[in-house]
Structure formats: C-alpha cells, structure tokens
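Biologist: I am new to this structure and would like to learn how to read its main features. Could we go through them in turn?

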Amino acid sequence: MTATLAARLRADLTTAQFTVPTLTALWGSAADEALFRGHRVPALRALRSQQKPAATLARLFVLGLPVAAEALESALPTLGVAGAAELGLVAAEDGDIRPLLDLRPYSFTDQHGDGSWWIASDLGELALGRALREDHVLGVGGASMTLSTLMIQTPVDSVLDLGTGCGIQAMHASRHARRVVATDISERALQIAALNAAVNGIESIEFRHGSLYEPVHGERFDQIVSNPPFVITPRVEGVPAYEYRDGGMVGDGIVEAVIRGAAEHLTPQGVAQLLGNWEYRGSVHAFDRVRAWLDSVGNDTVGLDGWIIEREVQDAALYAETWIRDGGIRPGDDFDALYDAWLNDFAARDVSQVGFGYVTLRRPDAHSPAPRQRMERQLGPLGHNPAGLGAHLAACLAAADRLDALTDSELAATALTVAADVTEERHYWPGDADPTVMLLRQGGGFARTVTLDTALAAVVGASDGSLSVAAICAAIGQLLDVDAEQLTAEILPRLRELVETGILQLPEGTDR
C-alpha cells in the first residue's frame, strides 16, 4: 500500500511542478537565502498572493505552516489529504492541515547528468519553534551534500551506505550501483529513507536496522559510503545526544570504528568514503592517530590505502559552541551548562583542537604494493567541479596506481601533458625581466597552488605530450648548464606529485 501511495504522491508532485526552480521563481533568490539563514518571513510574504499547488505545498512542507484542507486536496488530487495522512506526512488540526514531515525538492548534477528528487525528513527548528528531538531525522544538509559530491561514481555491483539517515547517499549510490544496502541504528530514519526511495521510484535499495557493520556481518561491498554521526559529544547526563549526529562513543571513536571496520567489508580494491572529525590530543597530531587506525584494521589485511584531507580545524571552544547551537540551544543557562560539559570532556582527553575532513580508503588486493597513505590539509576553497569531486578523486587514485607501475627510468621516458584546467601565474617586480614568483594553479579538484622554480617551470611548460621528461630535462640541462641526469633525478619526485594530484597527466597506455 505504501508503494501505491508513494507513486500517487510522486505523480502529484510532478504535476504541481514542485521543483527547486519553481520555488525559487515563487519567492525569489533573496527569500531562498533567508531560508538558508533560518528565516521564512520573506518566502511567506511572497506566497500570500500565490494560489498554485506548488505554493500550497511549499507553505506546508517547506515553511512548516498549516494550510486549508481544500487547498491541499487541490494540490494533491491523486493522493488526497487522507493518503498524505496515511503516509505520515500530515495531520488535521483545528480544521486545517499541519505538516508532520518536511518534504522538499532537491536537485543536483553528477557524472550521470542532472537529477532531481523529493526528500522527506523531520521538521526543523524553523517549523517547530523549539530545539530538536534526540531522534530527529535530518534532511539534506551541508555535510550530506558534501559527501554526495565526493562519491566516486564508477559503476559497481554493490554499495553499503552506513548510517543512511534520510537515505540521500543510498539514493545517489543507486545511480551507479546494481544494488545498495542502507543501514541505520534509527528505525525512524529507515522508515523515512524507505519513503524517500519509494516516492522517487528507486527500487534497488535494501534497508537494514542495526549499529555500524552489525547488519552486514560477513558481507563485502565494492563501495562503502558513510556520513557517520561523527560529532564529538560529552557522554554525561544532561547533554542531549542526537541520533543523526552523535554516534554514542567517546571522542572520535565512531570515526575510528568506521575506518577500522571498513577492510573486513570491502572487496579487493573496494573503496570507502566518509566524512569525519578527529581530535588533536596533547602533543599527538591527529593524523598520527588516524594513521594508526589505518594500520590496524582487521585480521585479514595489513592495512588500508588511505587519503585523508583535512578541510577545517576548530579549537575546542569553538567546536563546542558550534554543535550546541546546532541542536537549537541558544545562549542562556542551558547553553552555559552544556558548554562547560563539552570543555570538561575535551579536557579529560587533553583535546585542544578538532579537525574535520574527507576520508577515502581502499582495500589492497594480493598484487598491491605496501598500503599508500596520503594525509594533507586543504583549508581553502575547492576548484570548479560541476559534476562533483568524485571524478577527480577517482582520477587521482588511478594516476597513483599507474605511477606505482612505473620505475623512474620509465617515467623519465614518458611524455606528460598539463591538465586542461591548469594555468601558470607569474609575478614580476616592475622593470625586471625575470619573474620573482611562478605558480601553477589548478582550476578543478582541490584548486591546488604549486610554487615553481626555474627548472620545474620549464619542464611543466614543455609538457605538451610530444617530448619525454628525459628529453625535456636534457634540453633544459643544456640551457642552464646543469647535468641532465641529475636534473631528471631531482625533478621526478615532484613530477610524480603533480601527476598524482591531477596537475600533470600520463598518456594512455603507460601501464606495464
């Protein structure tokens, strides 16, 4: 019956053109921005003169305000108010219909093209007018959008979405996987996620209840994606623990558990991608702690390939403030008590800072070299990645594999090419003929900036795919009156780094 009602809802939402462009046209970009900041008055004012079905649906499900039963019957002619109530979307109150869930359009672009869905979740602070319940099911937020754009979209047989929440990552994974298993510790989250899959006509997702990897014991997947409840929260009485963000473990234990457990649930060469927090404890760098997690991941493998990218670092006090406010608590006595609890918790582990970032893991196969671990801090804005960052991550992993198969002499015999999104920037003192600073700037990916010296600038500048590295270095050696072999040996490690980060590219067919 739920499938039938979901299909009716899908038909009505389609007919009403309940889409992101429609809503923006109804209330304008300024109201969009106000909603993002948590204010609905501009959007509400714009809807007062609107009678379209999309306006009724927006007032009810996006702004969280009641509507007349007759207006909703008109907006949902196939499903009807009774069907919406049966799906758990609405309830009658004082002659009007009030929302029980948030339901809004969501649009995106990935490697498969443009897409759009409707996503249900629990009502937020804007509609509730109070702090969230601890079993709140979050909709599509900043973290979930970040992970979906990071997702490598290479076609695979199976994907595990660990901690699915409203189901958004599982839905994205269904676009490149034959089957998806989505798990969550929250029965309510699984119910809402299943509703979202049904409303959008997605039938390849299986939903299972349980904590972490328990629901998939003994199973392996080609890909694991997870936006785990990684927020570091004090485990003391009086501090609310929200299911959508707090994993129930001390410190960054939930991220450690997801990383350590990944190897036993990945197929050889399988990839796991997740977001996470990690603590800086005393004099121990967080990357050293994460590296230890990667090196001790299970009984059947020596370690995981790991690419850790730290995107933000907050001091302990700012971190506490951020997440106390996230739960809807505003400055006052309750805020101060929670703040104190957070700082006590951090002090107990000598935590000074908390890092946030992206984790990409891969299970080696029998022919893989020693696990490769790359840990870096990229705090600046990302480059232009219209179909998401996943394609760049996949290309970098593939480039690293190809580099592993090339000796230095083979790489020297290779003709490299500068990626199409890379530009060179030179700075001069007025009147000088030679530049004082030379930079390579990456337009996509992580928008890396690389400082060049004369030799590297010359090699990169000549890398148009026609001459080998050795031939270019021989010519530069003559111009600079330096030993060509020594120049080649010195520059090859830097070229490997530029290839691995997508700034330079190997020609096709250079694998041995």
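Biologist: How much accessible surface does the protein chain have, and what share of it belongs to carbon and sulfur atoms?

Modeller: Keep in mind that this is a predicted model. The accessible surface of the protein chain comes to about 22800 Å². Carbon and sulfur atoms hold 52% of that surface.

Biologist: What does the radius of gyration say about the overall form?

Modeller: A compact globule of 512 residues would have a radius of gyration near 24 Å, and the protein chain has 26 Å, so the two agree. Along the principal axes, the C-alpha atoms fill a box of roughly 90 × 50 × 50 Å. The chain has 19 helices and 18 strands.

Biologist: What share of the contacts joins residues 24 or more positions apart?

Modeller: Such pairs account for 71% of the contacts with a separation of 6 or more.

Biologist: How should I read the interior?

Modeller: In soluble globular proteins, nonpolar side chains tend to be buried together. Here 50% of the 512 residues count as buried. The largest nonpolar core has 61 residues, and Leu9, Trp27 and Leu57 are among those with the most contacts inside it. Helix 4, residues 53–62, gives this core its largest share, seven residues. Apart from this core lies another of 60 residues, including Ala272, Leu338, Phe346 and Leu397.

Biologist: Which residues does Leucine 9 touch, beyond those up to four places away in sequence?

Modeller: Leucine 9 touches Leu76, Leu79, Leu87, Leu89, Leu103 and Val199.

Biologist: How many side chains are positive and how many negative?

Modeller: There are 40 positive and 68 negative side chains, and the centres of the two sets lie 4 Å apart.

Conventions. Residues numbered from 1 in each chain as written. Predicted model: local features only at pLDDT ≥ 70, side-chain atom pairs only at ≥ 80, totals over all residues. Heavy atoms only, no water. Helix = DSSP H or I, 4+ residues; strand = E, 2+ residues; numbered from the N terminus. Rg over C-alpha atoms; globule rule 2.2 N^0.38 Å. Buried < 20%, exposed > 50% of the residue type's maximum accessible area, 1.4 Å probe, protein only. Contact = heavy atoms within 4.5 Å. Areas by Shrake-Rupley, 256 points an atom, 1.4 Å probe, with all protein chains shown as cover. Lys, Arg positive; Asp, Glu negative; His and termini not counted. Charge placed at Lys NZ, Arg CZ, Asp CG, Glu CD. Core = buried A, V, L, I, M, F, W, Y, C linked by side-chain atoms within 4.5 Å.
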